[in-house]
Amino acid sequence: MNRKLFTYAINFTILVFGLQMTMLGPLIEKMSDSFHLSIAQMGSFFSVSAAGFTVAIIFGGILSDRIGKKRVVVWSGFGFATALLLFSISPYFSLSIVMFFLVGGFGGVIESTLSAIVADVNPGNERRAVTFTHVFFGVGAIVGPTFSGWLVDSNYSWNTAYIVAAILAFTAVIWVTRYEYPKVETDGSFDFSSFKNILGNKSFILLCTAIALYVGVETTAWGWTPKHLTDLNYDQTFAGFMVGLLWFGITIGRFISAWLAERFSNKILVSGLCLVSIAGLVAQVFPLLNSIAPVTLFLMGLGFSGIWPLVVSQAGTMFSSKYTGTAFGLAVAAGGVGGMTIPYLFGFIAEHVQMGVLFGILSLPLILIILISFSLERSEKVEKSAA
């Protein structure tokens, strides 16, 4: 296996996943006109994507440990690219919702499985490796909203953005499936007692709770930032650029977090990052600070940067490589639960309450994540086996 080229392929695939996921924010108002729906109803796209993500990832993780990670990447990869293409050309809201559900599901399986592979090929260095890989998610997430915001202001249809994403997705999947994948000895069956032990692990449940809270906050922040900024009379190009800037902060922060992960504990890093995020969120509450939106959104991104990879990488250290697919699948599925509920609730309330205030409210889940990180640090070390 050419580990270097394989890593490039994984990173590019993660980049495409990030690109398509963050395009929705700048496109959401144009899509609402196309489907004749309110902004609150358009929040259903966030929810169905997260629902597909949650449901598919659980089964994808289990399957990857039973039939091999490469087969799962091939099937889910081509499913992801095909669903993106069909979504981009769908003229009907009902079909679009189904396709976006599949985009979220197949895309989540791809991200989770490739993250588990990165952990498998970097034993003893999982935190840094997974964090660095998700730098490329950040690169895609910078390009996605910036590109889609520009398309909107250039009078292109919202469909154009997803056609481009589908082409990139097919390219990524063909590339990433060309390599030999790490082999894990398996008899093709699943030990349900081990599955029960994974879910019965209190530290793992706390970890999943932290992931759910974080994904809900992050998705809400980047998803509704364009609406927040257009309410302040900025145009869509600027709003899309600001979401890209937020993700630029996340990307730069992940480089820094990958380096700091070798020097500090998760408790210290996660808590510090949460506090920086809280500062960026609270800044949205005060009208006087709207003029420095680029600074506060970049600060928010820096804080968000390492929370997800630092927390989710612990799933790779709790259990042996035989069960990392299942553990990562369950952990990332927990994030889907947060992404399925918090942004939708936020969109509904945003029609009645000033959005800046609601950004401040998003600080509360981050405080809970800080408490959970301290609790995980105190908990007993889990043996690296699900049995």
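This is a predicted model: local features need pLDDT of at least 70, side-chain atom pairs count only at pLDDT 80 or more; totals for chains, interfaces and linings use all residues.

Tutor: Start with helix α11 (residues 266–283) and helix α17 (residues 363–378), whose axes come within 9 Å and cross at roughly 175 degrees.

Student: Which residues of α11 and α17 meet?
Tutor: On the α11 side, they are K267, V270, S271, C274, L275, S277, I278, L281 and V282. On the α17 side, they are S363, L366, I367, I369, I370, S373, F374 and E377. Sorted by class, this contact of α11 with α17 has eleven nonpolar, four polar and two charged residues.

Student: What angle do α11 and helix α12 make?
Tutor: α11 and helix α12 (residues 293–304) pack at about 155 degrees, and their axes are 7 Å apart. The cut-off is again over 145 degrees, so α11 and α12 are roughly antiparallel to each other. Their crossing is left-handed.

Student: Which residues make the contact of α11 and α12?
Tutor: α11 brings L273, V276, S277, A279, G280, L281 and A283. α12 brings T296, L299, M300, L302, G303 and F304. By class, the contact of α11 with α12 has nine nonpolar, four polar and no charged residues.

Student: Let me try another pair. How far apart are the axes of α4 and α5?
Tutor: The axes of helix α4 (residues 69–89) and helix α5 (residues 93–120) are 8 Å apart, and the packing angle is about 150 degrees. Apply the rule: α4 and α5 are therefore roughly antiparallel to each other. α4 passes α5 in a left-handed crossing. The contact of α4 with α5 divides into 17 nonpolar, six polar and two charged residues.

Student: Now single residues. Is A279 buried, partly exposed or exposed?
Tutor: Read the relative accessible area. Buried means under 20%, exposed over 50%, and partly exposed lies in between. A279 lies in helix α11. A279 has 38% relative accessibility, so A279 counts as partly exposed.

Student: How far is A279 from G360 in space?
Tutor: Separate sequence from space. A279 and G360 are 81 residues apart in sequence, while their C-alpha atoms are 9.0 Å apart. S203 and S375 are 172 residues apart along the chain, with their C-alpha atoms separated by 8.4 Å. S203 counts as buried, because its relative accessibility is 8%.

Student: How many disulfides are in the whole structure?
Tutor: First the idea. A disulfide is a covalent bond between the sulfur atoms of two cysteines. A search of the whole structure finds zero disulfides. C274 has a relative accessible area of 0%, so C274 is buried. C208 counts as buried too, at 11% relative accessibility.

Student: Where is N233 placed?
Tutor: N233 is in the loop between α9 and α10 (236–260). Phi of N233 is near 75 degrees, a positive value in a residue other than glycine. N233 has 74% relative accessibility, so N233 counts as exposed.

Technical notes. Residues are numbered from 1 along each chain as its sequence is written. Side-chain values use heavy atoms; hydrogens and water are left out. Axes are lines fitted to C-alpha atoms, for helices over the stretch in contact, and angles run from 0 to 180 degrees between N-to-C directions. Helices (H or I, at least four residues) and strands (E, at least two) are DSSP runs, numbered from the N terminus. Contact means heavy atoms within 4.5 Å. Ala, Val, Leu, Ile, Met, Phe, Trp, Tyr, Cys and Pro count as nonpolar, Asp, Glu, Lys and Arg as charged, and the others, Gly among them, as polar. Angles under 35 degrees count as roughly parallel, over 145 as roughly antiparallel, 65 to 115 as roughly perpendicular and the rest as oblique. A crossing is left-handed if the near helix is turned anticlockwise from the far one by less than a right angle, and right-handed if clockwise. Buried means under 20% relative accessible area, exposed over 50%, partly exposed in between (1.4 Å probe, protein chains only). A disulfide is a pair of cysteine sulfur atoms within 2.5 Å.
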